[in-house]
Amino acid sequence: MSVAVSHISKRFETRGHRSVPALRDVSLEVKTGELLALLGPSGSGKTTLLRIIAGLEIADVGQVFFSEEDVTEKSAYARKAGFVFQAYALFQHMSVFENIAFGLRVLPRAKRPDAAAITKRVTDLLQLIQLDGYEKRLPSQLSGGQRQRVALARALAVEPRVLLLDEPFGALDAKVRRDLRKWLRQFHDKTHLTSLFVTHDQDEAFELADRVVIFNEGRIQQIGLPSELRQNPANEFVRDFLEL
Amino acid sequence: MKRATTDPWLARYLLIGVTLGFILVFLIFPVCVILIEALRHGLAVYFSALSADHSINAIRMTLMVAVTVVPLNTVFGVCAAWAITHFKFPGKSLLVSMIEIPLWVSPVVGGLVFALIFGRQGWLGKWLEAHEIQIMFAFPGIVLATAFVTFPFVARGLIPLMQAQGCAEEEAALTLGANGWQLFWRVTFPKIKWGVLYGMILCNARAMGEFGAVSVMAGSVDDKMTMPLQIENYYQALGPDSLSRAFALASLLLLLSAVTLAIKIGLEWRRLAPSYARPPKPELVH
């Protein structure tokens with residue numbers, strides 16, 4: 001499934017009367033099966049865009065499309081985009097198993113798999129993230145990299161049509177970061193799940209993504225293949241940011 | 001080891017002594033007086049004082065009020081805390097302050113406001129009388145007054161707790177397709193359940209002990225006396241048994257406070273427990 005946003009603008013109300021523009025007339029398409037990176041300095045609006053796509057934030061102007069379907073008016077709960085949060089947002093009081101099973105357990109009765117099917121699905125996912133045997137642990141008993149993978153498995157359990165990752169490796173140390181990066185790229189090559197991830201690390205964006213979108217001050221500066229961006233930076237900001 | 005802030009020993013002992021003295025005079029001594037007075041004539045008298053008609057009536061009334069008010073204010077408190085911590089709306093900080101009004105206003109004034117609304121000369125008095133609805137000097141009035149006084153307890157405890165926890169887990173549940181009901185019961189409630197219980201216990205203690213507001217609403221109708229009102233009644237009555245009955249009922253309220261305190265301490269301990277009762281961290285495998 002492809003994801004598109006069209007002429008999205010968003011301002012944040014701050015205390016007093018001034019409001020800060022977070023996004024200004026942003027249009028973008030993530031093609032089916034693509035792994036796209038949103039790259040930019042912090043505060044450039046990339047996380048806001050990701051949250052608008054998931055339905056966690058509402059744009060002031062503009063539309064969001066999942067394939068041909070206009071989901072602008074739909075709630076996060078109806079959109080069911082797979083979302084991996086920066087701080088993982090795992091359910092602290094639930095075991096790893098229950099965290100991953102959550103999306104299946106809250107399905108309406110008619111669509112909910114039976115207990116055996118849920119166990120099978122969770123076990124498969126645990127294998128995929130190489131954490132089999134960890135199902136009884138609580139999130140507080142896992143390392144950062146393990147939490148990150150559980151968050152990913154939880155999002156994948158409901159077979160989302162799109163995967164949105166907010167600074168997925170932000171809080172991890174360098175080695176774990178590199179391993180997970182490689183793992184995610186392999187996972188994407190296997191599944192071709194349409195994915196969009198936010199990062200401020202250009203190595204990460206360039207190594208992992210098919211195409212990279214460079215963001216600054218709520219505007220898209222340039223979209224392209226990593227090689228294109230390096231060869232033909234569109235403006236001074238891109239040249240500066242990529243240290244060319 | 002020398003500490004950064006070392007007070008001279010004199011100041012230290014003086015402060016500790018003053019604190020202990022105050023606690024003895026103002027907290028321990030009255031408690032002892034109540035117990036001594038209640039049990040002065042032996043256990044038989046004590047129990048007969050508790051089982052006097054008026055005492056039984058008051059105990060029943062107090063229990064009924066608490067059983068009605070505590071769930072009411074729990075539901076309200078959770079709703080308010082949820083709204084305040086999960087939604088952005090104008091006037092939010094004003095609302096947070098307004099929830100605390102009952103803590104600032106004298107309970108008697110709170111009771112009088114309801115009397116002004118529901119009393120015979122009040123705004124709704126004529127209409128209520130025409131429809132034969134009894135609020136003043138009746139159970140509904142006592143519940144209203146108690147609910148007013150105990151209004152903030154659940155909400156006030158939950159708001160900072162829920163603010164500290166943030167909405168990240170709720171957002172995750174939303175993107176996983178949970179509806180509002182599932183979100184609350186599966187994600188939010190397990191995080192706040194001890195906070196809710198804590199608020200309910202404080203609310204209950206206050207509900208059972210309230211005097212001022214309830215006294216305005218109950219007037220002097222004999223069978224509408226809650227325990228605190230009945231204690232005052234006994235105390236003023238000057239009959240042969242009334243003083244021992246007053247202290248017997250008071251000792252019962254005291255027992256309630258002791259239980260409340262015990263549960264409160266238990267809960268506080270419990271909320272601290274996980275940090276050192278947690279199983280050892282597993283070896284980190286990436």
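User: In what order do the four strands of the open sheet in chain A lie?
Analyst: In this predicted model, the four strands of chain A form an open sheet whose pairing is antiparallel. The edges are strand E2 (19-30) and strand E5 (69-70) of chain A, each of which pairs on one side only. Read across the sheet, the order is E2-E1-E4-E5.

User: Which residue of E5(A) is the bridge partner of A:Phe65?
Analyst: Strand E4 (residues 61-66) of chain A and E5(A) run antiparallel and are joined by two bridges. In one bridge between these strands, A:Phe65 is partnered in E5(A) by A:Asp70.

User: At what angle to E1(A) does helix H1 of chain A run?
Analyst: Helix H1 (residues 46-54) of chain A lies across strand E1 (3-13), E2 and E4 of chain A.

User: Which element gives the largest share of the side of chain B that touches chain A?
Analyst: The contact takes 19 residues from chain B and 22 residues from chain A, and those of chain B divide into ten nonpolar, five polar and four charged. The elements of chain B that give two or more residues to this side are helix H10 (168-175) and helix H11 (180-209). The largest share, seven residues, comes from H10(B).

User: Why is chain B described as more spread out than a compact globule, and what is its radius of gyration?
Analyst: Chain B has 14 helices and zero strands, and its C-alpha trace spans about 80 × 65 × 35 Å along its principal axes. For 286 residues the globule rule gives 19 Å, and the chain is well over that value, so it is more spread out than a compact globule, with a radius of gyration of 24 Å.

User: What percentage of the contacts in chain B with a separation of 6 or more is accounted for by residues 24 or more positions apart?
Analyst: Of the 286 residues of chain B, 33% count as buried. Among its contacts with a separation of 6 or more, the share from residues 24 or more positions apart is 77%.

Key. Residues numbered from 1 in each chain as written. Chains lettered and ligands numbered in written order. Predicted model: local features only at pLDDT ≥ 70, side-chain atom pairs only at ≥ 80, totals over all residues. Contact = placed C-beta atoms within 7 Å. Nonpolar A, V, L, I, M, F, W, Y, C, P; charged D, E, K, R; others polar. Pairing = 2+ DSSP bridges. Axes fitted to C-alpha atoms, helices over the stretch in contact; angles between N-to-C directions. Rg over C-alpha atoms; globule rule 2.2 N^0.38 Å. Buried ≥ 20, exposed ≤ 12 C-beta atoms within 10 Å, placed from the backbone.
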